[in-house]
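Work through the exercises below with the sequence and the structure in view. Each task is followed by a stepwise solution.

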Amino acid sequence: MRNDHIPASPSTDTPLEATKRFNVVAHDVPKVDGEGLVLGRPAYTDDLVPPNALYVKLVRSPHAFARILSIDPSEALALPGVACVLTWKDCPRIPITRAGQGNPEPSPHDRFILDQYVRYVGDEVAVVAAETEALAEKAASLVKVEYEVLKPVLDFEKAIDNPTVIHPEPEIHEMFPIGFEPKRNIAAAYHMEIGDVEKELAASPVRVETTVHTQAQQHVALEPHAAFSYIDLHGRLVIVTSTQNPWHTRRLLGLAFQMPLRKIRIVKPRIGGGFGGKQHIHVEPYVAMVTMKTGRPARLALTRREVFEATFTRHEMRVKVRLGANPDGMLQAIDMQVLSNPGAYGEHALTTFMVAGSKTLPLYNKVNAVRFGGHVVYTNKVSAGAFRGYGAIQGLTGLEATMDELAHKLGIDPVELRRKNMLHEGETSEVFRIMGEGTEGVAMNIESCKLEECIARGKRLIGWDPEHLVREVAPGVLRAKGMAIAMQGSGIPLIDMGSARIEFQDGGFFKLHVGATDLGTGSDTILAQIAAEELGVDLEDIVVHSSDTDHTPFDVGAYASSTTYVSGSAVLKAARSLKAKLIAAVADKFGVAPEDIVYEHKTFRTADGTRSLSLNDFSYDTLYHDGAKMKTIEATESFSGEKSPPPYLAAFVEIELDTETGKVNVVHYVAVADVGTPINPNLAKIQIEGGLLQGIGLALYEDVRYSEAGHMLSHSMMTYPIPSREDVGRITVELVDSYEPSGPFGAKSAGEIGIDTPPAAIANAIRNATGIRLTEYPFTPERVLAALKAAKAQ
Amino acid sequence: MNITLRINGKEQSIECQPGEMLTEVLRRAGHLEVKKGCDTGNCGACTVLLDDKPVLSCSYLAVRAEGREITTIQGLADEAKQFAAFLTAEGADQCGFCAPGFALTVLSMKKEFFHTPSEAEIRHYLAGNLCRCSGYEGQIRAIKKYLEADHA
């Protein structure tokens, strides 16, 4: 990006109606932990390790697929200061999944903490622990492993019924039917059809078909995965870890090590970014093994190379979309067929794949028929897992590319084509009922959808003129615009559950305990805002403590865009319930009925005005002064959504394409979103801005590349560059007024929606610039140039 | 072997292996504000000032820092707090892992420029401090407001 071409921000800074309605919610308050983090106070897992912890290093597979014939640790163990070397023989033979999901998990249990087989380069072989890091590294290099190298499957198009069976072991199983056929290298499969798609397509006067191939992507959270463990006074195993889901981690470790869950405590300190990448168990089992073996504290922080090679990526997918429409642009049928690559183990295999359909197809709800299906197939690449967007970005990339192809074929404005066909407030889609995450879905009427407003404002901000979507700004340099729309969800209905406990303290403040997991998004802050709003106090009056399986109430964790909606609703319920208890207690003290108490401005008074008591004074009364009436006033509430209201986003991008070099730059990316009431507009905006840049990274730069033997070539931030400050021009994000009746103070989610549109919108802009439909991601200069040359040759 | 490093104005004698990088040594000496992000000199999380110039401590031999003035974010806590107010006001601190290194580079930029840097200059100066959370826009807003406030 040429820096002299950064467009000025056209932001209209339209004030939100919601800000006027609330005191704390819908206001831009700074993150409660912000200053401490900027000052570098010890906060993350690796900052908090006890001083005498053993350093843990992992011996990893150099082969994409191999059977371990023997492991000889004798030389490593001979080094003074080496505490232990543990192998698959030290692990109970219990298949698990590393995916942090609900119980039972929709992911197959196809993995052992350590196994006699290794299935990708970087797969764990042995665990080494020593007094210093250097010694642990040295010892790991001295562990002698003999392998029988097997022929890997690296191309996901060739995985089904390949002579190589990646999972021949008999113990592995699915938790409920997910189409698991390991003998055929199929981790999961699914099919659904509403109406008769083939019949509708055949009857449609206009038909288009596009197949896109989206690549694996790395999360690249700045903090590498880290954990440490120790045995506490009571002989329990405590693990402090950078996890997005403490309870799932506890449950999975309990299963893996056949330990009662009461013997395990999981603590999550601050996390340096997650994006889904910490929704899995990657480090916890290994420190736990060392601590259980030696009785000593043990620490492990992955190197960046290990994060690349041996934690999860986004699922690579091939998405084929067929659309049938009338000449006026009314869609008649949608068919989406997907092949997904989960790598060597099936974490999130079924669910990411289903979300490719379930969180995209309802966008166009006026069709007569819709079909979705395909397979998720094992390969000998590093496993894929949860990653912001979670299938929706892949499905949407196919769907929105094909929508634009239809607009080109019909010769109509792609914006108008979408407006004609898209979902509106008060409507529904059969897809919601049929497709859930691994199970059946939940029927849902859309009570908030401001896509029309998002589109109208986005058009204004980018200067959308369908007659002039491309212009030449210098010889061979084209500026072009493209667009896409998107939806996500807000938690998994009837599966995700969050809880909150609020306790009244002397001094008149409140302790808010939540199981929810702030991974840097600011969820501790927005949950405190929700509590403060409902309790009629200032944000400073709420002290938050989160994510500790011993000390905070249950929460499934931070994923599926659930924290604001699910955990936030739990906080609101708890605050409501606590307020009622406070009022009842004061009424009892005054000898009046609760209805006769008015609570405002942190003061209780009787309706007749004769008595009043401040929150602060009452806090001492209830804890120190009121004799037999003294009590702790607290409330614990839980919430599980009966629906998953989607946030929506309209995206418009202007790109610059150099036809000489093939380089594509994003000059300006405009996104206008409906996230319901943004609890903290700044934090919601940043979520979307960050998501957009990650999506732009997927569209243009980021690629997980392998050698022919299956070694990852892009295993550092040198070889896997993420977007820097200089790569992209301007990103403009605005939020429209919207109110979701089922959400806390009208809120929906904001965490994932930002990432969904860039691959499609940028592809559509390139199509508008050149007439070429690029389908192979990312759009590197080499690929763009090759496509331009091929088009010229025709 | 032991080396003597001058960190935030205080001399500290610290054990160090030959070939060890400054990040490791600083963290072992208790300077946990120096973060380890990429190990390859790409992300900027490990930024410290050496004689007032930002360097990537993960790619800098610890022994070479002997006799030089090392400053971490803790050494500039007052200025860092001022900038933190602007950064958090935009919500652009996010996970915060890149923040100590990033904030140090911002403070160093402010000292180095005789004029208020343009947005292009800001982006260029800070190009080596990567952030995966924020999309950079909020950070840019914060930096501009911080510089404007200071130069007013």
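**Exercise 1.** Which domains does the domain assignment of chain A give?

Solution. The model is predicted: local features need pLDDT of at least 70, side-chain atom pairs count only at pLDDT 80 or more, and totals for chains, interfaces and linings use all residues. Residues are numbered from 1 along each chain as its sequence is written, while chains are lettered from A and ligands numbered from 1 in the order in which they are written.
- Step 1: domain 1 of chain A is 3–25 + 312–492 + 643–793, and domain 2 is 497–640; such bounds come from an automatic or database domain assignment.
- Step 2: between the C-alpha centres of these two domains of chain A lie 39 Å.

**Exercise 2.** Find how many residues of chain A and chain B make up their contact.

Solution.
- Step 1: residues are in contact if their C-beta atoms, placed from the backbone, lie within 7 Å.
- Step 2: chain A gives 45 residues and chain B gives 46.
- Step 3: on the side of chain B that touches chain A, helix 2 of chain B gives the most, seven residues. Helices here are DSSP runs (H or I, at least four residues) and strands are runs of E (at least two), numbered from the N terminus.

**Exercise 3.** Is strand 3 of chain A mostly covered or uncovered?

Solution.
- Step 1: a residue is buried if 20 or more other C-beta atoms lie within 10 Å of its own, with C-beta atoms placed from the backbone.
- Step 2: in strand 3 (residues 82–86) of chain A, five of five residues are buried, and the strand is mostly covered.
- Step 3: strand 3 of chain A pairs with strand 5 (residues 124–130) of chain A in the antiparallel sense over four bridges; pairing takes at least two DSSP bridges.
- Step 4: Cys84(A) has Ala129(A) in strand 5 of chain A as its bridge partner.

Conventions: Contact = placed C-beta atoms within 7 Å. Buried ≥ 20, exposed ≤ 12 C-beta atoms within 10 Å, placed from the backbone.
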